[in-house]
Amino acid sequence: MPKNTSTISRRSFLRGAAIVGAGALAAAPAVSRAGGQSESGEELATLLDLSKCIGCGACVMACREANAERYPEPTKPFPEMFPARVKAEDWSDKRGVDDRLTPYNWLFVDHITVNHGGEEHEIHMPRRCMHCTNPPCANLCPWGAAAKQDNGAVTIAPDICLGGSKCKDVCPWDIPQRQTGVGLYLDLLPRFAGNGVMYKCDRCQPRMAEGKLPACIEACPMDVQEIGPRSEIIAKAEALVRETGGYIYGIEENGGTNTVYVSPVPFEALEAARDKGKDAKGHGKGSQAQQQNQAGRPHLQPVGSPFENENMFAAAVFTAPLAGLAAGALKLFRKARANHEEES
Amino acid sequence: MRMRTLLFILLMAAMAVSGFGQMPIFKRYYVADLPGMAWTADYYFTHAMHYVGAAILLALLGYAAARLAPVAGRITLSGWLRIVLWATIVATGLLRVLKNLPDMHLGPELTLVVDITHLGAVMALGMTALAVRLVGKSAYVKISRET
Ligand code: SF4
Ligand code: SF4
Ligand code: SF4
């Protein structure tokens, strides 16, 4: 696979800037008061130090409280959909579910018991949208309903989304969750196109616009999370890893994200334990049961950059018209010269 | 039919399928269930395919633009209409490709306008092309006696 040079150069630049500027930046307030933008105009990222998380779930409660008024209120009965294979997705009667992602639960805590270095660790991992730096959900959304904001948060506009679930299909972690019976599709061709609205963490955009911190960050008694300019967050994560001998997830995944986890246990071990844990709970074996059981619970596998092909083809897309123009002009020039020679 | 025309029609078909494939419709409407058509529901594949097709199409359009420039004075009304639509499709398409580069960022509002305009111009061009063909006025340039 060809390497994506621009990402690499940006990343190494960030890394360099992070190392040089770590000290100086630490003094600056992480988030400015206006619009949740970093003072430098850089995207904001969050750092989650998993060694601090006690799995109390205060963050989940805070998220639900802060965002309750943005939860979907579907109209029932749902319009019948065509063809019949298109199923409604209804979470409105299961609003209490808080151990997975749903349209009514944008954050959950994955509890993982894992053996590492001869010791048993109890790791609690708050999971929600990673806020990718080049998000496939937004890049591939056919309506522009999913979008990356200037502050680095990835959002889905509930009044534009048609609920086709493409964002979920292209998200490596299946983050966005659908609720049928709400949104624009009801006003268009509810039987034939669309199926509701997709919901996920938007890093508390309404709160951040008021200059407040995201609810989950503010509510955490252990200060597990912090938010700041991406370069600063990466520097902090790397310093934490050096200090504690921990492991990082999120800086490189999916071409880079604005959510960086630091864990005392390697993420491969967490992923393996997470998988086994689900199986051992007696939810049944077999890939379908397993998949069903993992739904709404993002994995921890390595994720490569999704747009390497496109980034390579983009260069061809930009040079092609010029090449065509040049070829056409050359042809005209040759014809003119031939005419001229004929005349003389 | 000339080979050139056939290839162009195939290219346009590929662009239409990969473009409309950006909407979640081929799976819903069983197209992806037809043997050999599963790729129509693979968003990453159709997306890359749209890029490759776009590069070929843009080279052809660049060539056509250079050839049309000297006879600009003789371009027909329906020719101009289609040229404006082509230009809109190209401009919005290039903006979308630009936006998808890792270090690029267009605001969400602009992205929405770009997306809808791209789709709208494609539909308008398709309908215009069909209409001019039906009424037999598909020539871009008025035929003059000298040529
Ligand atoms: S992140 Fe904080 S609030 Fe959330 S479960 Fe962990 S300790 Fe509790
Ligand atoms: S984690 Fe998924 S939903 Fe969130 S920004 Fe990345 S691709 Fe989009
Ligand atoms: S940032 Fe806001 S929306 Fe996202 S998980 Fe935290 S509280 Fe929920």
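1. In what follows, Ala, Val, Leu, Ile, Met, Phe, Trp, Tyr, Cys and Pro count as nonpolar, Asp, Glu, Lys and Arg as charged, and the others, Gly among them, as polar. The model is a predicted one, in which local features need pLDDT of at least 70 and side-chain atom pairs count only at pLDDT 80 or more, while totals for chains, interfaces and linings use all residues. Residues are numbered from 1 along each chain as its sequence is written, chains are lettered from A and ligands numbered from 1 in the order in which they are written, and side-chain values use heavy atoms, with hydrogens and water left out.

2. Ligand 2 has 13 residues around it, the closest being C129(A), M130(A), C132(A), C137(A) and C171(A), where a residue is near a molecule if one of its heavy atoms lies within 4 Å of it. By class, this shell is made up of eleven nonpolar residues, one polar and one charged.

3. Chain B contains four helices and zero strands, and its pattern along the sequence is α-α-α-α; helices (H or I, at least four residues) and strands (E, at least two) are DSSP runs, numbered from the N terminus. The C-alpha trace of chain B spans about 50 × 40 × 25 Å along its principal axes. Of its 147 residues, 33% count as buried, a term that stands for under 20% relative accessible area (1.4 Å probe, protein chains only).

4. Between the two chains, 40 residues of chain B are in contact with 51 residues of chain A, contact meaning heavy atoms within 4.5 Å. The area buried between them, which is the accessible area (1.4 Å probe) that two parts lose on being put together, summed over both, is about 3900 Å², and carbon and sulfur atoms give 63% of this area. On the side of chain B, the residues that lose the most area to chain A are R28(B), Y44(B) and P102(B), together 19% of what that side buries.

5. Across this interface the rule finds one salt bridge, defined as a side-chain nitrogen of Lys or Arg within 4 Å of a carboxyl oxygen of Asp or Glu. D33(B) forms a salt bridge with R85(A), and the closest N and O atoms are 2.2 Å apart.

6. Helix 2 (43-68), helix 3 (77-100) and helix 4 (108-134) of chain B each supply at least two residues of the side that touches chain A, and helix 2 gives the most, with 15 residues. The residues on that side of chain B divide into 26 nonpolar, six polar and eight charged.

Notes
Buried < 20%, exposed > 50% of the residue type's maximum accessible area, 1.4 Å probe, protein only.
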